[in-house]
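Subject: Structure handover

Hi,

Here is the structure for you to look at. My notes on what turned up follow below it.

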Amino acid sequence: MPASLHLLVVRSSVDSKIENDWNDWYDRKHLPEIAQCPGFMGGSRYISVDEHGRHRYLAIYEIADPNALMSKEFTERRGWGPFSGLVEYESRVYSLINAPIGSDR
């Protein structure tokens with residue numbers, strides 16, 4: 001499958017006291033719900049450990065079009081659910097500006 005032309009990228013971190021519960025919720029509930037929204041083609045998560053041993057997370061959702069973020073389903077499901085107010089995050093939409101190296105696009 002070719003790479004998506006648009007990505008929703010969410011960088012986040014949480015307090016280590018709630019991290020296990022947050023990861024469980026994110027992996028089992030949030031990621032699947034968001035990935036099933038109209039215009040979303042899938043999603044995946046990554047983790048990085050900074051120089052102080054803190055975990056930083058990155059979620060990448062492939063979307064058909066930035067307008068996917070306007071759907072009723074996404075609007076209802078976005079946010080941090082039971083962890084509202086406890087997550088530091090930044091989200092952005094990125095659009096492809098050139099074909100990936102080695103691609104036929």
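Of the chain's 105 residues, 30% are buried (buried means under 20% relative accessible area, exposed over 50%, partly exposed in between, with a 1.4 Å probe and protein chains only).

Please note that this is a predicted model: local features need pLDDT of at least 70, side-chain atom pairs count only at pLDDT 80 or more, and totals for chains, interfaces and linings use all residues. Residues are numbered from 1 along each chain as its sequence is written, and side-chain values use heavy atoms, with hydrogens and water left out.

Overall layout

The chain has two helices and four strands. Their order along the sequence is β-α-β-β-α-β. Both kinds of element are DSSP runs, numbered from the N terminus: helices are H or I with at least four residues, strands are E with at least two. Along the principal axes, the C-alpha atoms fill a box of roughly 45 × 35 × 20 Å. Among contacts with a separation of 6 or more, 69% come from residues 24 or more positions apart (contact means heavy atoms within 4.5 Å).

Aromatic pairs

There are nine aromatic pairs in the structure. Rings of Phe, Tyr and Trp (its six-membered ring) pair if their centres lie within 6.5 Å; planes under 30 degrees apart count as stacked, over 60 as edge-to-face and the rest as tilted.

One of the pairs is Trp 22 with Tyr 57, which is edge-to-face, at 5.1 Å centre to centre and 70° between the planes. Trp 22 belongs to helix H1 (residues 19-35) and Tyr 57 to strand E3 (residues 55-63), so this pair ties together parts 35 residues apart in sequence. Trp 22 and Tyr 57 are both buried.

Phe 40 and Phe 74 are stacked, because their ring centres are 5.3 Å apart and their planes are at 25°. Phe 40 is in strand E2 (residues 40-49) and Phe 74 in helix H2 (residues 72-77), so the pair ties together parts 34 residues apart in sequence. Phe 40 is buried at 8% relative accessible area. Phe 74 is buried too, at 4%.

Which residues form one aromatic cluster? They are Trp 22, Trp 25, Tyr 26, Tyr 57, Trp 80, Phe 83 and Tyr 89.

Arg 45 has its charged end over the ring of Trp 22, 5.1 Å from the ring centre. That charged end also sits over the ring of Tyr 26, 4.1 Å from its centre. The test is NZ of Lys or CZ of Arg within 6 Å of the ring centre and within 35 degrees of the ring normal.

Best wishes
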